[in-house]
Amino acid sequence: PEDIARTVFGSLIENSRQHGATEVTITASFPEPDPVITVRDNGHGISTGNFEKLFTPFFTTRREHGGTGLGLLIIRSLLTVYGASIWPLAEESGAAFAIRFHVKAADR
């Protein structure tokens with residue numbers, strides 16, 4: 001799990017950097033029934049046209065810079081294995097993703 005967290009958050013932060021962010025904020029909230037971590041940046045953000053394509057295999061806006069379009073898909077797959085989900089949030093500026101940890105009743 002520590003390696004997974006390092007991969008997930010490291011990749012999200014690197015994506016932020018590649019899209020012009022100079023600051024990333026990670027916050028935790030505890031709405032019932034499951035905790036949520038939100039990762040926000042002050043970069044270029046996600047265009048409306050790209051919003052729905054973010055987790056599409058091989059979709060990238062950075063192909064000319066070596067992007068493969070697999071990063072967010074890998075993040076989502078890793079989180080799914082550990083019972084979590086990720087989705088983009090609509091922001092006025094920058095990009096943001098929410099990660100929900102689906103906690104089993106027995107684990108509470």
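Mentor: Here is a close look at one helix pair and a pocket beside it in our discussion. This is a predicted model, where local features need pLDDT of at least 70, side-chain atom pairs count only at pLDDT 80 or more, and totals for chains, interfaces and linings use all residues. Residues are numbered from 1 along each chain as its sequence is written, and side-chain values use heavy atoms, without hydrogens and water.

Start with helix 1 (residues 2-18) and helix 3 (residues 71-81). Helices are DSSP runs of H or I, at least four residues, numbered from the N terminus. The two pack at about 155 degrees, with axes 10 Å apart. Axes are lines fitted to C-alpha atoms over the stretch in contact, and angles run from 0 to 180 degrees between N-to-C directions. Helix 1 and helix 3 are therefore roughly antiparallel, a term for angles over 145 degrees.

Now the contact (heavy atoms within 4.5 Å). Helix 1 brings Ile4, Thr7, Val8, Ser11, Leu12 and Asn15. Helix 3 brings Leu72, Ile75, Leu78 and Leu79. By class, 7 are nonpolar, 3 polar and none charged. Nonpolar means Ala, Val, Leu, Ile, Met, Phe, Trp, Tyr, Cys and Pro; charged means Asp, Glu, Lys and Arg; the others, Gly among them, are polar.Ile4, Val8 and Leu79 are among the second largest pocket's lining, 8 nonpolar residues. A pocket is an open set of 1 Å grid points, over the protein atoms alone, fitting a 1.4 Å probe, with protein on both sides within 12 Å along at least five of seven lines; lining residues have an atom within 4 Å of a point.

Note on methods
Parallel < 35°, antiparallel > 145°, perpendicular 65-115°, else oblique.
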